2 protein chains.
Amino acid sequence: MGGVSSVSATETIRVSEIFGPTIQGEGVLIGQPTVFVRTGGCDYRCSWCDSLHAVESRFRDSWIAMSLDDIWGQIEALSGGRPLTLSLSGGNPAIQPLGSLIERAHQHGYRAALETQGSIARDWFSDLDVLVLSPKPPSSGMEFNGDALLDCVRSAGGGPETVLKFVIFDEADYQFATQVAQLLPKLPVFLQPGNHTPPPPEESDAAIDMSGILDRMHWLVERVMQDRWFEAKILPQLHVLLWGNLRGV
Amino acid sequence: MGGVSSVSATETIRVSEIFGPTIQGEGVLIGQPTVFVRTGGCDYRCSWCDSLHAVESRFRDSWIAMSLDDIWGQIEALSGGRPLTLSLSGGNPAIQPLGSLIERAHQHGYRAALETQGSIARDWFSDLDVLVLSPKPPSSGMEFNGDALLDCVRSAGGGPETVLKFVIFDEADYQFATQVAQLLPKLPVFLQPGNHTPPPPEESDAAIDMSGILDRMHWLVERVMQDRWFEAKILPQLHVLLWGNLRGV
């Protein structure tokens, strides 16, 4: 059970938002009903971050230090006590002590999926059902740490279904994805066109550039077919196509 | 190997079109690179059929009786000889003798997925890698044959990954989906909002009602969440969102 036993009952988790149930819009769980638990705080500052309200310190006042019981109460209320898959995201959820939440979820028949950039490995990764590692490509402005990513894979071990997801804006990002995928040839790969008009951190109905997003998806499909990289899956952010940048859906 | 051995080398397969590689736009293989083999002919006439050019007899002249070698030659040319998943569709591909094509695919490291309404069972279903059974709901105007569907599941046996996919236009369709899913509780379920502006059988750039399609998707997500049917996955036709009614993508 990894770090679970070291989490004291009084330890809190810093939460940005809990919402759902709705469908997961991305990656390996696309289309699957889920409740999102978005934690606050991140060790990265990606140029095109679409969750700045859960990342930047100036929104820290909106993050709530919640007890496990309070979080679980909200999850049960939203899901009507009916088991589903939780989506643990952020920010970087690996910063928070989530082992006890994963354990609680399993006790009640729920599943737990977590998405992280793979910069911080936690021993409780092995307790997850799904681990999505999403290393940030050059367009993010962040530096890639291959050792940390490999640590995450090792921490997960044979526990969860572990997959790679890459946000792709341009050719350099695409090349990055091919190189990291070669480092970890056993992991399924999901490629996702980037949204260059991410939601502003303050809630608003700011328009997205849908045609630009679709253009990038078309390019990405062509690029992958040109390389005949048939092992990769290419999926857009479904929630963006369906709801634009609206939050909480 | 089921019926494969009974298919003579000279038997032909009636093909409407072979195209790709592109991504699969629907269901369990969504986002996955694939080459489509669409056979000609169907035992159904669904009111909202989006592939009439492969269904109606008046397009029969455009269907080509092809040998296995000719079909395989086209698949290898399109995929550059690099293995991927074939998507066998129609019309109703179960009408055609596809056992030998599936066998050939496996000999070369390819995988074979087939989608059918589940009205005709074939012994070579057990050789597939993926079998998508898509029983037609009331809005199609077709009558549901539960015995035939169960025959299809039995023919597949433990061979392929077998899943249910339902096109949903309205509440009656939704209720139909819940009832059929209860008949086959072990099969994963995919729900897909219908396109009430399907492509006309003659190629054209006829506009689709994107906002209507999105409205139906929104309704379907809400409907499923209201019932807390968390085992179902809800996915739109991605190719319609990305390319409208354009054919061959």
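Select Leu114(B) first: this residue stands opposite Leu131(B) of strand β6(B). Four bridges join β5 (residues 111–116) of chain B to β6 (residues 130–133) of chain B, and the two strands run parallel. Strands here are DSSP runs of E of at least two residues, helices are runs of H or I of at least four, both numbered from the N terminus, and two strands pair if DSSP finds at least two bridges between them.

The model is predicted: local features need pLDDT of at least 70, side-chain atom pairs count only at pLDDT 80 or more, and totals for chains, interfaces and linings use all residues. Residues are numbered from 1 along each chain as its sequence is written, chains are lettered from A in the order in which they are written, and side-chain values use heavy atoms, without hydrogens and water.

Next, display the whole sheet of chain B. It is open, with nine strands in the order β3-β1-β2-β4-β5-β6-β7-β8-β9 and mixed pairing. Its edge strands, β3 (64–66) and β9 (232–234) of chain B, each pair on one side only.

Turn now to the interface. The contact (heavy atoms within 4.5 Å) takes 32 residues from chain A and 32 residues from chain B. In chain A, select Arg228(A), Phe230(A) and Leu242(A), which lose the most area to chain B, together 22% of what that side buries; buried area is the accessible area (1.4 Å probe) that two parts lose on being put together, summed over both.

Finally, select Arg82(A) and Glu231(B). They form a salt bridge (side-chain nitrogen of Lys or Arg within 4 Å of a carboxyl oxygen of Asp or Glu), with the closest N and O atoms 3.1 Å apart.
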